[in-house]
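This briefing covers a two-chain structure. Please look over the sequence and the model before reading on.

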Amino acid sequence: MRTTTQAAMQADVERLLARLMTDRALRERFVADPVAVARDSGLSPPESEAIAKIPVADLHTAARSYAFKRDAKRGPLHPLLAWWRARLR
Amino acid sequence: MTRDRVGIGWRPELAAGIFDALDRIDVLEVLADDYLGAGRRARRALNTMARQVPVQLHSIALGMAGAEAVDPRRLDRLARLVNDVEPEAWSEHLAFMRAGGIEIGHLAAPPRTEASIEGAARNLRKAADIVGTMPAMENIATLIEPPCSTLGEPAWIAGILAASGCGLLLDVHNLHANATNFGFDPLDFLARIPLARIDCIHIAGGSWITAPSGDKRYLLDDHLHDVEQPIYDLVAEIAARAAQPLTVVLERDGAYPPMPVLLAQLDRARAALAIGRRRRPAEHPRADADDHAGSHAGRR
């Protein structure tokens with residue numbers, strides 16, 4: 001029973017982390033009100049409190065690192081597109 | 001008894017240098033994801049290479065420790081590659097790569113719980129069924145402590161090894177980076193995992209990055225820099241504590257230096273193994289040798 005609950009929690013947490021690592025607008029909303037974003041994403045109150053404790057610096061640095069990895073897999077960008085992406089990031 | 005080995009990650013940019021130095025390279029590790037869509041000729045070339053020097057396949061994108069069941073189509077493609085190349089072993093990561101239809105683009109750490117241990121073990125059993133052999137599983141570097149975890153990383157890794165019977169690919173730079181960024185002692189980490197289950201060790205270099213806010217620094221596992229002394233020290237420590245033969249593989253993914261620089265890093269890894277082995281008899285009796293023999297029985 002406990003692991004069933006944990007498995008559902010794991011799926012919820014991974015979904016939110018995946019969105020936070022790929023969606024800048026959601027990340028900014030999360031930084032402003034992490035518990036509200038977590039609750040809106042279907043996490044329980046204790047899960048929301050736990051995910052709200054992720055340090056903001058860790059969140060932004062990880063998101064930037066994943067964005068670099070995704071860009072590297074896509075290959076070199078046109079310089080103008082690269083400049084625009086950097087501004088968005 | 002099989003001896004300790006030292007090898008390097010196969011990269012096309014390093015091909016000429018690697019072939020020139022095969023007398024100093026015991027094993028090659030090939031990134032499986034680079035060849036999943038490769039044609040017959042490329043696969044035949046890998047198979048030919050695997051007949052000349054031991055080759056291990058290293059897979060990245062299966063997401064074996066995620067909440068979502070690993071995609072059998074991805075496993076089928078990997079199984080065909082393993083069948084064509086005939087590597088001596090293959091490996092994957094203790095990570096998730098995607099969730100809810102979103103591709104993160106790289107390895108991410110899931111919550112460390114009993115449930116994620118069970119899920120990873122299920123995925124590993126399915127992988128072993130489809131591919132034919134159980135992979136060794138690698139600890140990852142993370143910049144975020146996975147939220148909602150109920151277990152520390154050593155207990156979580158040990159749990160997955162126990163539940164699945166898989167071996168451990170211990171990435172020493174990932175361990176060093178996590179220890180640096182989250183402030184724990186890597187030697188304490190080593191004391192808490194079953195070292196007898198290590199099949200292979202990764203070494204690499206990294207670099208310091210600063211958070212966008214400018215208020216925090218992180219050691220990034222980027223595979224773009226030379227291996228630093230703390231990594232060799234950890235290799236020596238493992239060689240001192242573990243009885244089984246060890247394979248150390250240098251990972252380098254870009255900013256390639258001249259081949260002699262990489263070969264010098266292989267030499268230092270070999271020296272670190274020798275230093276650890278010399279320390280072993282006096283400081284660490286053979287308590288874990290039997291454990292290692294038992295742990296690999298019936299692995300599949």
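Two residues are in contact if their C-beta atoms, placed from the backbone, lie within 7 Å. On that basis, the contact between the chains takes 31 residues from chain A and 31 residues from chain B. The model is predicted: local features need pLDDT of at least 70, side-chain atom pairs count only at pLDDT 80 or more, and totals for chains, interfaces and linings use all residues. Residues are numbered from 1 along each chain as its sequence is written, while chains are lettered from A and ligands numbered from 1 in the order in which they are written.

**Terms for the elements and for burial**

- Helices (H or I, at least four residues) and strands (E, at least two) are DSSP runs, numbered from the N terminus.
- A residue is buried if 20 or more other C-beta atoms lie within 10 Å of its own, exposed if 12 or fewer, and partly exposed in between, with C-beta atoms placed from the backbone.

**Contact between the chains**

- The contact draws 31 residues from chain B. On the side of chain B that touches chain A, the elements giving two or more residues are strand 5 (96–99), strand 6 (102–108), helix 4 (114–131) and strand 11 (217–220) of chain B.
- By class, that side of chain B has 18 nonpolar, eight polar and five charged residues. Here Ala, Val, Leu, Ile, Met, Phe, Trp, Tyr, Cys and Pro count as nonpolar, Asp, Glu, Lys and Arg as charged, and the others, Gly among them, as polar.
- A:Arg15 is found in helix 1 (residues 2–22) of chain A. Neighbours within four places in sequence aside, A:Arg15 is in contact with A:Ser41, B:Ala99 and B:Gly100.
- A:Arg15 is buried, with 20 other C-beta atoms within 10 Å.

**Chain A**

- Chain A has six helices and zero strands, and its elements run α-α-α-α-α-α from the N terminus on.
- Of the 89 residues of chain A, 30% count as buried.
- Among contacts in chain A with a separation of 6 or more, residues 24 or more positions apart account for 49%.
- A:Arg15 and A:Tyr66 are 51 residues apart along the chain, and their C-alpha atoms are separated by 15 Å.

**Chain B: overall form**

- Chain B contains 10 helices and 12 strands. Its radius of gyration is 18 Å, close to the 19 Å that the globule rule gives for 300 residues, so chain B is as compact as a globular protein of that length. The radius is taken over C-alpha atoms, and the globule rule is 2.2 Å times the number of residues to the power 0.38.
- The C-alpha trace of chain B spans about 50 × 50 × 50 Å along its principal axes.
- Buried residues make up 47% of the 300 residues in chain B.
- Of the contacts in chain B between residues at least 6 apart in sequence, 79% join residues at least 24 apart.

**Chain B: the barrel**

- Eight strands of chain B form a closed barrel in the order 1-2-3-4-7-8-9-12, with parallel pairing. Two strands pair if DSSP finds at least two bridges between them.
- Strand 3 (residues 55–58) and strand 4 (residues 89–93) of chain B pair in the parallel sense over three bridges, and B:His58 stands opposite B:Ser91 in strand 4.
- In strand 9 (residues 198–203) of chain B, six of its six residues are buried.
- Strand 9 of chain B pairs in the parallel sense with strand 8 (residues 167–171) over four bridges, and B:Leu168 has B:Ile198 of strand 9 as its bridge partner.
- Strand 9 of chain B also pairs in the parallel sense with strand 12 (residues 247–250) over four bridges; there the bridge partner of B:Ile203 is B:Leu250.

**Chain B: core and helices**

- The largest nonpolar core has 108 residues, of which B:Ile201, B:Ile203, B:Val235, B:Ile238 and B:Ala269 touch the most other members. A nonpolar core is a set of buried Ala, Val, Leu, Ile, Met, Phe, Trp, Tyr and Cys residues joined through C-beta atoms within 7 Å.
- B:Val235 lies in helix 8 (residues 229–241) of chain B and is buried, with 27 other C-beta atoms within 10 Å.
- Beyond its neighbours within four places in sequence, B:Val235 has contacts including B:Val172, B:Ile201, B:Ile203 and B:Leu273.
- Eight of the 11 residues of helix 6 (residues 172–182) of chain B are buried, so helix 6 is largely enclosed by the rest of the structure. Among these buried residues are B:Val172, B:His173 and B:Asn174.
- The cover over the buried residues of helix 6 of chain B includes strand 8, helix 7 (186–192), strand 9, strand 11 and helix 8 of chain B.
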